[in-house]
Amino acid sequence: MLSKRLMLSLMYLLEDFSRFLTPERKRLLEVIKNSKPNSIRELSQLLKRDYKNVNVDTNMLAGIGFVELRKDKNRIRPRVIYDEIEVKIHVSGSKDRKIPA
């Protein structure tokens, strides 16, 4: 059984992640993956969102590796190279420890 403190920590971690990966950012990932826009400006037009906000979201997602930004002439092409993004939590050394019943 997980301790109350660990459960709260996990709950806050998942809550923070879901706040970070908003529905608009999930949609942004889907549009990049499916439409392969030639620039962030084109992406903002496809999303019907303000360029500045799309640029901020795209760079934020690129910062954690969800989006790849490729320079091409005078523009930056956003790319999503994944079909899925899976979050795993690995607990180092857990195989060596006995968990009390």
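## Close-up views of a predicted model

**View A. Leu 69 stands opposite Pro 78 of strand 2.** Helices (DSSP H or I runs of at least four residues) and strands (E runs of at least two) are numbered from the N terminus. This is a predicted model, in which local features need pLDDT of at least 70, side-chain atom pairs count only at pLDDT 80 or more, and totals for chains, interfaces and linings use all residues. Residues are numbered from 1 along each chain as its sequence is written, and side-chain values use heavy atoms, with hydrogens and water left out. Five bridges join strand 1 (residues 68-72) to strand 2 (residues 75-79) in the antiparallel sense; two strands pair if DSSP finds at least two bridges between them. Arg 70 has Arg 77 of strand 2 as its bridge partner. The two strands form a hairpin with two residues between them, and Lys 73, in the turn, has a positive phi of about 55°.

**View B. The largest nonpolar core has 13 residues.** A nonpolar core is a set of buried Ala, Val, Leu, Ile, Met, Phe, Trp, Tyr and Cys residues joined through side-chain atoms within 4.5 Å. Leu 28, Leu 29, Leu 43 and Leu 61 touch the most other members. Helix 2 (23-35), helix 3 (40-47) and helix 4 (51-63) each give two or more residues to this core, and helix 2 supplies the largest share, four residues. Apart from residues up to four places away in sequence, Leu 29 touches Leu 21, Leu 61, Phe 66, Val 67, Val 80 and Ile 85. In soluble globular proteins, nonpolar side chains tend to be buried together.

**View C. Ser 44 lies in helix 3.** With a relative accessible area of 5%, Ser 44 is buried; buried means under 20%, exposed over 50% and partly exposed in between (1.4 Å probe, protein chains only). Its contacts (heavy atoms within 4.5 Å) beyond four places in sequence are with Arg 49, Asp 50, Tyr 51 and Val 54.

**View D. Arg 41 lies over the face of Tyr 51.** The distance to the ring centre is 4.2 Å. A charge sits over a ring if NZ of Lys or CZ of Arg is within 6 Å of the ring centre and within 35 degrees of the ring normal.

**View E. Lys 52 is in helix 4.** Lys 52 is exposed, its relative accessible area being 60%. Its C-alpha atom is separated by 9.4 Å from that of Ile 40, a residue twelve places away along the chain.

**View F. The protein comprises four helices and two strands.** From the N terminus on, the order of elements is α-α-α-α-β-β. Of the 101 residues, 22% are buried. The mean pLDDT (the predictor's confidence in each residue, from 0 to 100) is 83, and 73% of residues reach 70 or more. Confidence is highest in helix 3, with a mean of 97, and lowest in helix 1 (residues 4-20), with a mean of 69. Where pLDDT is low, the predicted coordinates should not be read in detail.
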